[in-house]
Amino acid sequence: MGIKIVFLKTTSVVTSQVIQHAYTHTTIVPLFCTRPLQELPCLNEYLEGSMLSISQKSKRKKRERIGDGLDTENTPHELIHQWSPPHKQRVVCKGKENEENQFVLARRPRKRREFSGLSWDTLPDELLLGILSCLPLQDLLRMSRVCKRWHRLAFDESLWHSVDLVGNPQLDQALGQVLMAGVLGLRCPCTCIGEPHFTHTQHLRVQHMDLSSCTVSTPFLDDIISRCRRLENLSLEGLELSDWVIQSLSQNTELVRLNLCGCSGFSPDSLGEMLKSCSRLEELNLSWCDFSTDHVKAVVSNIPSNITQLNLSGYRQNLTMGDLKDLVERCPHLVNLDLSDSVLMTTSSFPILQQLQSLRHLALSRCYQIHPAALADFEKFPELQTLEVYGLVQDTYLPILSKSLPRLQINTRPFSGVARPTEATRRDRAMWGMTCRLVFRS
């Protein structure tokens with residue numbers, strides 16, 4: 001049975017008889033009505049018993065039977081789930097004022113901006129590393145917070161070649177993060193160091209480290225040194241050490257310069273074993289340490305023979321003429337030797353020192369057993385260039401001594417620079433002649 005649609009041109013209200021007639025026979029839609037008509041149910045749903053309704057039901061049942069037969073064995077649900085974009089979960093919240101009503105929080109998808117020029121995301125890692133290498137330390141750390149990619153690039157080992165943290169009064173977690181970033185050079189003297197908080201047990205890559213006059217506990221210092229295997233230059237001036245720290249230093253067989261000036265807390269045996277292990281040492285500063293006679297004998301008996309610069313000042317009555325003789329026989333290639341404040345040194349030491357054919361810098365300051373008139377004998381040292389005799393020669397006698405020794409520069413270096421990272425006369429922030437690339441600026 002078909003459906004007829006008749007359009008009535010009228011301005012009157014459709015009566016109930018007409019509506020009843022439309023349900024049974026025909027659908028009547030008036031045109032130009034003054035009042036809007038309500039939507040009739042027969043326009044949205046198929047009429048019961050009609051051919052269209054029967055055909056739609058049969059198709060629906062057929063699809064259900066086919067779906068039950070196929071099941072899901074041939075449907076790649078895992079691939080679909082993997083390749084499909086993640087569906088955003090709707091967050092349903094209940095209002096406190098009206099708990100019965102629920103509202104849904106949904107985020108509107110962002111529109112992609114079309115950009116025709118270059119973008120930071122399209123730049124290769126090599127180019128970004130070149131840009132980041134021009135930034136100071138603080139800016140580099142800020143850039144690492146932008147995104148995951150920039151964080152990975154900001155902590156690339158090539159950017160953390162050397163770091164100068166002078167000016168940062170407190171180093172705790174920051175020191176551990178800097179060392180784990182793969183730095184080769186670290187300069188942080190006169191700094192308060194707390195617990196470094198290392199997140200792994202791997203060895204550090206640091207090769208040059210200056211911790212002079214730092215405030216650090218011995219266990220934390222041992223934790224840092226025990227992770228080092230590649231140290232070449234190290235300064236621990238003025239720190240309280242232990243036998244564990246000295247044993248950890250023994251594992252750095254590539255050490256070239258070692259500054260332990262003013263250190264204490266370790267035994268002669270551990271000191272001797274460390275000097276035996278570090279056979280490549282060229283510069284050694286052991287001045288003014290808390291040494292006994294046994295410490296001094298451990299040094300002169302185990303010091304590497306290729307030492308060229310040595311500072312053994314400050315031992316007063318602990319350094320004897322016999323120790324000096326053993327030292328010269330063991331280290332014939334000494335170029336710079338400081339024996340200041342050794343009161344047992346006399347003019348009898350001159351023939352022993354004359355055996356050092358390469359000696360160019362000698363310091364005998366405050367060795368009061370040496371008479372000033374005997375200093376003229378240093379004319380017999382062919383390679384000697386500088387002579388430090390502070391406390392032995394008065395200022396009025398110094399011009400006369402300079403005329404008698406015209407080849408020598410007398411009293412030009414009040415402080416020794418043996419194995420020290422920065423000489424006292426220099427005002428720059430260099431470390432063993434190297435300038436740190438990343439510098440902390442307060």
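Contact here means heavy atoms within 4.5 Å, and the views below are all taken from a predicted model.

**View 1. Helix H10 and helix H11, the residues that meet.** In this predicted model, Pro 268, Leu 271, Gly 272, Leu 275 and Lys 276 of H10 are in contact with Asp 294, His 295, Ala 298, Val 299 and Asn 302 of H11. By class, the residues of this contact comprise five nonpolar, three polar and two charged. The axes of the two helices lie 9 Å apart and H10 packs on H11 at an angle of about 15°; because angles under 35 degrees count as roughly parallel, H10 and H11 are described as roughly parallel to each other. The crossing in which H10 passes H11 is right-handed.

View 2. Within H10, which spans residues 268-277, the buried residues are Ser 270, Leu 271, Gly 272, Met 274 and Leu 275.

View 3. Leu 175, Gly 176, Val 178 and Leu 179 are the buried residues of H7, a helix formed by residues 173-180. Viewed down the axis of H7, these buried residues fall within an arc of 165°, and they therefore line one face of the helix. The elements against which the buried residues of H7 pack are strand E5 (162-164), strand E6 (170-171), strand E7 (185-187), strand E8 (192-193) and helix H8 (218-225). After H7 comes Gly 182, which has a positive phi, near 95°.

**View 4. Helix H8 beside helix H9.** The axis of H8 and that of H9 (residues 243-250) come within 9 Å and cross at roughly 10°, which means that H8 is roughly parallel to H9. On the H8 side the contact involves Thr 218, Asp 222 and Ile 225, which meet Trp 244, Val 245, Ser 248 and Leu 249 on the H9 side. Four of the residues in this contact of H8 with H9 are nonpolar, two are polar and one is charged.

**View 5. Ser 242 in the loop between strand E10 and helix H9.** Ser 242 belongs to the loop that lies between E10 (233-235) and H9. With a relative accessible area of 15%, Ser 242 is buried, since buried means under 20%. Leaving aside residues up to four places away in sequence, Ser 242 touches Thr 218, Gly 265 and Phe 266; Thr 218 is also one of the H8 residues that meet H9.

Technical notes
Residues numbered from 1 in each chain as written. Predicted model: local features only at pLDDT ≥ 70, side-chain atom pairs only at ≥ 80, totals over all residues. Heavy atoms only, no water. Buried < 20%, exposed > 50% of the residue type's maximum accessible area, 1.4 Å probe, protein only. Helix = DSSP H or I, 4+ residues; strand = E, 2+ residues; numbered from the N terminus. Arc of directions from axis to C-beta. Axes fitted to C-alpha atoms, helices over the stretch in contact; angles between N-to-C directions. Parallel < 35°, antiparallel > 145°, perpendicular 65-115°, else oblique. Nonpolar A, V, L, I, M, F, W, Y, C, P; charged D, E, K, R; others polar. Left-handed = near helix turned anticlockwise from the far one by under 90°.
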